[in-house]
Amino acid sequence: MFKRRGRELAVVAILLGMGAQAKAGDDKLMYASLGEATRAPIGWVEYCAENPADCRGGATQPRDIVMSQAAWRDLNKVNHWVNETVKPMTDMDHWGVIEKWSLPTDGYGDCEDYVLMKRKMLIDAGWPREALLITVVRDKKNEGHAVLTVKSDKGEFVLDNQNENVLPWTETGYRFVKRQSQSDQNVWVSLGDSRPAYATASSH
């Protein structure tokens with residue numbers, strides 16, 4: 001009870017703090033710096049070949065969500081539920097291949113599978129796809145990893161199977177490599193790390 005109450009207070013503090021930061025005009029910390037268009041991960045390309053309905057392309061208008069306290073609670077619920085429900089398993093153990101992106105419908109998956117599930121649940125709940133961006137990062141071990149970036153009026157927040165809490169992107173300790181464009185989910189943009197993104201093959 002106290003732990004949950006403490007987390008709620010921390011959430012309010014984050015939301016208020018991010019609002020104050022926005023008023024101060026310090027957008028650099030709130031939003032990642034976008035670079036040039038870059039190659040989509042092969043896992044996404046193959047996933048789309050198998051699931052074309054999930055990957056319909058075409059330009060759309062970028063949309064940020066309004067980060068209300070209700071939206072914040074929903075994000076944390078989805079992040080926690082998927083992290084608790086899906087059990088980690090590498091693609092090699094799961095499918096016998098190094099890299100395969102798939103919805104973890106059998107209860108097992110690695111980092112990008114957690115991301116796909118969280119993204120689907122939020123889209124099914126009415127959240128705009130344009131604010132839910134699959135993102136490739138380098139984790140604290142400098143290994144390839146996938147997270148879900150949620151773009152909001154209070155900044156960018158990350159849903160991650162390595163963390164039960166939704167965090168501002170600047171507090172993850174990750175190096176952000178590339179992610180989906182807000183205007184077209186099949187276009188990917190670099191995020192300022194010039195090193196190549198390797199396969200996100202470990203179960204993380």
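The paragraphs below take those topics in turn.

This is a predicted model, where local features need pLDDT of at least 70, side-chain atom pairs count only at pLDDT 80 or more, and totals for chains, interfaces and linings use all residues. Residues are numbered from 1 along each chain as its sequence is written, and side-chain values use heavy atoms, with hydrogens and water left out.

Start with confidence. pLDDT is the predictor's confidence in each residue, from 0 to 100. The protein chain averages 87, and 80% of the residues score at least 70. Residues 1–5 are one of them, with zero contacts beyond four places in sequence (contact means heavy atoms within 4.5 Å). Residues 18–25 also stay under 50, but the model gives them nine such contacts.

Now the rings. The whole structure holds six aromatic pairs. Rings of Phe, Tyr and Trp (its six-membered ring) pair if their centres lie within 6.5 Å; planes under 30 degrees apart count as stacked, over 60 as edge-to-face and the rest as tilted. W72 and F157 are edge-to-face, 5.1 Å centre to centre with 80 degrees between the planes. W72 lies in helix α4 (residues 69–85) and F157 in strand β6 (residues 155–160), so this pair ties together parts that are 85 residues apart in sequence. Helices (H or I, at least four residues) and strands (E, at least two) are DSSP runs, numbered from the N terminus. W72 is buried at 3% relative accessible area, and F157 is buried at 0%. Buried means under 20% relative accessible area, exposed over 50%, partly exposed in between (1.4 Å probe, protein chains only). Elsewhere, W44, Y47, W101 and W188 form one aromatic cluster.

Next, helix α6. Its 14 residues, 111–124, reach 20 Å from first C-alpha to last, close to the 20 Å expected at 1.5 Å a residue (the expected span is 1.5 Å times one less than the number of residues). Ten of the 14 are buried, among them Y114, L116 and L122. Just after α6, G126 takes a positive phi of about 105 degrees.

Finally, the charges. The structure holds five salt bridges, each a side-chain nitrogen of Lys or Arg within 4 Å of a carboxyl oxygen of Asp or Glu. K120 and D124 form one at 3.1 Å, N to O. Both lie in α6, four residues apart, about one turn of the helix. K120 is partly exposed at 38%; D124 is exposed at 57%. E156 and R179 meet at 2.9 Å, N to O. E156 lies in strand β6 and R179 in strand β8 (residues 175–180), so the pair ties together parts that are 23 residues apart in sequence. Both E156 and R179 are buried.
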